[in-house]
Amino acid sequence: MHRRSEAGPWRFPSLLKIALFLLWLMGPTWLHSETISGTIQDPSGAVIAGAQIEIAGGDLVQPILLSSDGLGNFASPDLKPGTYSLRVTREGFEPLVKVVNLPGTVQLQLTLSIAKQQAIISVPGKSLAFANSDPIYRQLRDIGLGQTFRFDHFTLTWDTATFQFQKGTLTILSPVNGVVTGAIFIGEGHFNLKPVMPLDAGELSRRTGAAEANEDFTDAVFRFTGEARLRFLPGLGDRTEPSSEAAAALNHWRERMRQRREQAVGFTQYLLQGETMDNVDADVLAAVYNAAHPEFFNAYLRGKRHKDLRFFVRARVGAVPQLDSPEEVALINFDPEGMEDGVWYLAHLKPEYLNRTASSGEDRRLFATRRYKIETVIAKNGHLFSSATISFEALVAGERVLKFGLLPNLRVTRVTDGQGQDLYFIQESRKEDGSFYAILPQAPPLGQEQSINVEYAGDKVLEEAGEGSFYVGARTSWYPNLNGFGERALYDLTFKVPRKYKVISVGQLKGESIEQDLAVSHWITPNPVAVAGFNYGEYTRLDIPDEITGYKISGYYLSELPNNLRGSRALESLAPRGMTKYALEQTRAQLQLCTYYFGKSPYEEIYITEQPNFDFGQSWPNLVYLPISAYTDSTQRWMLFGRINSKFTGFVQEVTPHEVSHQWWGHGVGWASYHDQWLSEGFAEFSAGLFLQQAVGGDWRKDYIDFWERLRQRLLEKNNFGVAPNDAGPLWMGLRLISPRTENAYQNVTYPKGAYVLQMLRSMMFDPDDKDKAFIAMMHDFVESHRERAATTESFKAIAEKHMTKLMDLGKNGRLDWFFSEWVYGTQVPRYHFEYQLAPAGGGKVKLHMIVTQSEVDERFAMLVPVFAEFGKGMVRLGQVGIIGNTTRSFDVLLPSQPKKVVLNAYREILER
């Protein structure tokens, strides 16, 4: 994105030299000089700081440049009598020109009109006085040290963690509003965490080499709320003098907590210092204002081996809310440049496991968003100016602080309530803990809808990619997003953009108009959706009908390549309209296929939009972003790479059906937590394979087999550290699979293994007569039962068990525990060896004797593996054989005729080594 400099050619030192020179020339005439001064304000009377004032005319050799101060004032003394012209400018306002006649001192009151294309934005002025200035927040932000006590031979147990304070001091932080919110330990201590569940112990062992975490520490900063301070009281010894180490520890903690890096180095930095970085002081503020706020306890340990170990316990909201999980307890080793960086432990509270109440489906929200009404102006330089009205209901009594996901580069200028009264809000510098929080003057009643309005502006959402094309970033944080993908809300969206550009948004287009030089479009989502987004550029539209399903399908394409591809000879022949038609035909076929297999999509319209990104696609509700590579043909790709790149060819084949199927997986059916995101990405990847099998004309077999072979290789190929993605951990771990030694494990497990899980269920449910009938019934049931609630791994498992066949009951208990334990919660992958002999049997029939060996698994590992025979017209499925453990089994089958060959797992649909 190109940013225009606002600085002119003049500099204040030069002006000073000029003024001194003129004063020397004029001699005593300065005694008769005049002054022009005044105040700059907006239409509401709020003063405007930083307005540029240019004074010209009179006897001036060159214009004088001034800026209004923080009170909106300016003054220019030492002017000779004459006629002067004042030109006042400020971003967001119409320029103002005023003619002034001297002699006589002139005091002006100048009112700037808000710029027409930015009419939704009000002036900061008085409103900025409410930024980061809530009195209690200021106390928390500047909190100091209180009393210090000896703290020796004391043990504190907190859920699965134990702190042993062997020798040292505990300094209590100064109370804020009568509430103690933290303490600092200096001395010798030991930390231990013992997971409750074997799965978590296995993950900790993979990370650290041990099933428990142990760390000696020399100092610890604790931040907490509620009655947590009482847990420390039994260990307090005699009063003592505060140590300089405690002050140093507090300052060091502040530096770490308030530092944000825009480009993350490691996974924990991405989580904890990303767009939704926690402002700990703001989080504590929520508890100070609400004595009944859910439990909040954070411990930051400086260990002897690990210098930044963090133990979090946070009820309701979740210990790591950035992972969209209600799990309340976490242990994080924050070491972005180290090899042990990562989320070592993230789990539910110990009593929840003991009482069997732990669930990914727990509601972690403090407030529920009902609707957004957002008006956005996009300036010619790509800057956004927006106003968002957010309607919500409180879900927890007493809560006053709302945290939003908002790109820190988008700076909030004003927050008001439903009556237009200014509200306190928090948004520190974008280079610090700059997340956006709004503070309500009082806790709203439960079940009563409230609303606030947020005005904000900034850059980094759009970046110019070339003539008429833009990269659209911050796709979940271009507006104040209260709960991310954790809920659905209605959206009313208005965009005002330069006339030559077009916005394609989620929702249905309700109207278009022209206001001066701006193209205005209005979009409304008829049903609640999890996220709003848009694409933007100089687009041309193309529609195709779908008479079978009735979906309205529209494509939007760019006529020019982005700058980074403009010089490519390979893409000179790119035909965007023709390739858009092809992409729309793929979309139509996939919509029809998914409707047949999964049920009706919740959206009547779908927009397929080209984006300048070359190898990245994404899908929002009824809005699909396709990469430019999806619009290339095989010849162009060969010229581009200089060879046939089979992996990239696979990507191009899969990207459109994958993204289209997200209208079901992720948007039609949401996921409850990061543990369950495989139900979105894995199912979409499966749907791309289904497309290659069912929707492509001609011989589909090669592309279909190649598809599953690519997924198998993604899972099992080892990286430079000798670790295969599948060995990084179970599918259920989701994003937590990422570590310094397995950076790509999330992508290379969630997508392929999630697809394999669904395909293996399909394979086991297949019937020679009814084909996919049982599988289709299961998928329809799954979609219908989750239209109004997010899916969890366990809720999908329950649907699968409802539709499982008798042959699938390998556990003899009517459950699929065996299957999910192996493929979702486990990492074993079997190896198969297959031999067979054919012998004549009476009546022209043939006896097939098969020997199947399963190896490299434990004695409980069970699987059903399909067997196929080739009789001259393609593979025919004979059935499936069940096998348990590292063992060899033999089977005899009578065939109607002599097959050319017999194959185990012919289409690679069962994951094997």
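Modeller: Gladly! By class, eight nonpolar, three polar and five charged residues make up the lining of the largest cavity (Ala, Val, Leu, Ile, Met, Phe, Trp, Tyr, Cys and Pro count as nonpolar, Asp, Glu, Lys and Arg as charged, the others, Gly among them, as polar). Please keep in mind that this is a predicted model, where local features need pLDDT of at least 70 and side-chain atom pairs 80 or more, while totals for chains, interfaces and linings use all residues. Residues are numbered from 1 along each chain as its sequence is written, and side-chain values use heavy atoms, without hydrogens and water.

Now to the space itself. The largest cavity holds about 190 Å³ (a set of points on a 1 Å grid over the protein atoms alone, where a 1.4 Å probe fits but cannot get out; lining residues have an atom within 4 Å of a point). Its lining counts 16 residues, and those closest to the centre are Met-257, Asp-278, Val-280, Tyr-300 and Phe-312. Two or more lining residues come from each of helix 4 (244-257), helix 6 (280-289), strand 14 (296-303) and strand 15 (309-314) (DSSP runs, H or I of at least four residues for helices, E of at least two for strands).

For context, searching the whole structure gives two cavities of 30 Å³ or more.

Terms used
On a 1 Å grid over the protein atoms alone, a cavity is a set of points where a 1.4 Å probe fits but cannot get out, and a pocket is an open set with protein on both sides within 12 Å along at least five of seven lines; lining residues have an atom within 4 Å of a point. Grid points are joined across faces, edges and corners, and a volume is the space filled by probe spheres set on the points.
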